[in-house]
Amino acid sequence: MGIIKIQKLEPYNYSGSNKSLMYRSYYGDSIMGFNKDKYETYKEFIKNLLNKSSKIKFGKKVYLGKLSNLPRHKIKEYFQSNKLKKTSKLEQSDTIVFNKQHLQELNDIFNSYNTYNELSLKKVYFFELKDNKYLIDNCHSWGDKLNDKLPSCLIINQGEILNNTLTSFLQNKTPETLYVKDLYRENNIIEIFSYIEYIFKNPHVNIIFDEDLIGVINEDGFELDDDYLSTLDSMFESKSQDNINLALEMLSNVNIEKYSLTIALFLNKHIKKFSWGSGLSIKHNSSFKSILKYFESKNINFEDDWRIFSKNLYILHKDNPEDLKIIGEFIHQNINNYLKWGNCKNYLHIDSFNLSISE
């Protein structure tokens, strides 16, 4: 079934009403639904896409829609220098560029990582337009009334009890048992699934994640040496949003693959600058959004507690001894800062330790 636009009804059992159905128009008019075979097929397909090679290969026409956060001016320069052609129509493309995080969110839905956000097994009755008179007569509406010119469905949770009126109406109708999720204000999920359907039907389409392409685009970017970091430090310390925006523009031109650890630690160092009420932000700079999305795809959030932040850095850089040494120094410093107690002269101090991830 995939994603369809339809008026969604639910059972209504309020004792003070003679209505047996509820329609909440403000919950949107789209659902995602699959039978068991389709559910398992798409679940495996999405998992394989997430684990695809990071190798970048372009075809003849590249689709770069709203699910890509790459700076458009950089994309324009890169495409011109590499003689690549863009298309504004997904169905005409043989290469699609988008942010991996959107695919991860879709994967979470299929794997029920969040019970509020999952695909749940439910009974679904799909009605014909000729049924709409009964539906309207027996429907309590919140928001707009049910439209008799549009298709409707009734979604019933497992074990839900129906009143006699509704049970009688449904007795000659056959439900489908589907994995279903309401789509309310989830345009990105609808968009990414349209990509997945297109890729599923066209398996030779090239897929490029923002996180892989940003490293290539910034390959010849600035070297993030001590002088450069010192300049960025002073710009952040100024507490001026204009200076911070300029610093973010500079950071967005650094080779992210080469300096990802340095940038993450730099942002964490200035975490208090962006606390609530400061009026300062790094999340609204269009050029820097691709860098933030890069870190998000790697499960790195510079605003996390230092213990979570350093653990995720350790996991990401576990195969690089030099990076692990830097992360160890960061953890060492934070542990000793934690052990200090006010202005006491005597406090515990750790000189050395070993790091590992507990199983």
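Tutor: Let us begin with a residue in a strand: D182 is found in strand β11, which spans residues 176-183. Please keep in mind throughout that this is a predicted model.

Student: Is D182 buried, partly exposed or exposed, and which residues does D182 touch?

Tutor: D182 counts as partly exposed, because its relative accessibility is 35% and the partly exposed class lies between the buried limit of 20% and the exposed limit of 50%. Not counting residues up to four places away in sequence, D182 touches K8, S30, I31 and I155.

Student: Where does Y14 lie, and how many residues separate Y14 and N163 in sequence?

Tutor: Y14 belongs to the loop between β2 (7-11) and β3 (21-24), and its relative accessible area of 52% makes it exposed. Y14 and N163 are 149 residues apart in sequence, whereas in space they are 9.8 Å apart, C-alpha to C-alpha.

Student: Where is N255 found, and is N255 buried or exposed?

Tutor: N255 sits in the loop between α9 and α10, and it is buried, with a relative accessible area of 10%. Leaving aside neighbours within four places in sequence, N255 is in contact with G215, N218, E219, G221 and F222. In the case of N255 and L135, a separation of 120 residues in sequence goes with 59 Å in space, C-alpha to C-alpha.

Student: What should I look for in the backbone angle phi?

Tutor: The general idea is that most residues other than glycine have a negative phi. In this model K83, a residue other than glycine, has a positive phi near 55 degrees; K83 lies in the loop between α2 and β6 (86-87) and counts as exposed at 78% relative accessibility. N299, which is not a glycine either, has a positive phi of about 65 degrees, and its place is in the loop between α11 and α12 (306-316). A further case is K239, which follows α8 and has a positive phi near 60 degrees.

Student: How should I read the sides of a helix such as α8?

Tutor: The general idea is that an α-helix has 3.6 residues a turn, so residues three or four places apart point the same way. Helix α8, residues 226-237, has 12 residues and reaches 16 Å from its first C-alpha to its last, close to the 16 Å expected at 1.5 Å a residue. Its buried residues are Y228, L229, L232, D233, M235 and F236. Seen down the axis of α8, these buried residues fall within an arc of 165 degrees, so they line one face of the helix. The face turned away from that buried side carries the exposed residues D226 and D227, while the buried residues of α8 pack against α9 (241-251) and α10 (256-269).

Student: How many of the residues of helix α7 are buried, and which elements do they pack against?

Tutor: In helix α7, residues 210-217, seven of the eight residues are buried, so the helix is largely enclosed by the rest of the structure. They are D210, E211, D212, L213, I214, G215 and I217, and they pack against α2 (72-81), β7 (95-98), α3, β12 (206-209), α10 and α11 (289-297).

Student: Finally, at what angle do α1 and α3 pack, and which residues meet there?

Tutor: Helix α1 (residues 36-50) and helix α3 (residues 100-110) pack at an angle of about 145 degrees, with their axes 10 Å apart, and their crossing is left-handed. From α1, the residues Y39, Y42, K43, I46, K47, L49 and L50 meet K100, L103, Q104, L106, N107 and F110 of α3. By class, this contact has eight nonpolar, two polar and three charged residues.

Key:
Residues numbered from 1 in each chain as written. Predicted model: local features only at pLDDT ≥ 70, side-chain atom pairs only at ≥ 80, totals over all residues. Heavy atoms only, no water. Axes fitted to C-alpha atoms, helices over the stretch in contact; angles between N-to-C directions. Helix = DSSP H or I, 4+ residues; strand = E, 2+ residues; numbered from the N terminus. Left-handed = near helix turned anticlockwise from the far one by under 90°. Contact = heavy atoms within 4.5 Å. Nonpolar A, V, L, I, M, F, W, Y, C, P; charged D, E, K, R; others polar. Expected span 1.5 Å × (residues − 1). Buried < 20%, exposed > 50% of the residue type's maximum accessible area, 1.4 Å probe, protein only. Arc of directions from axis to C-beta.
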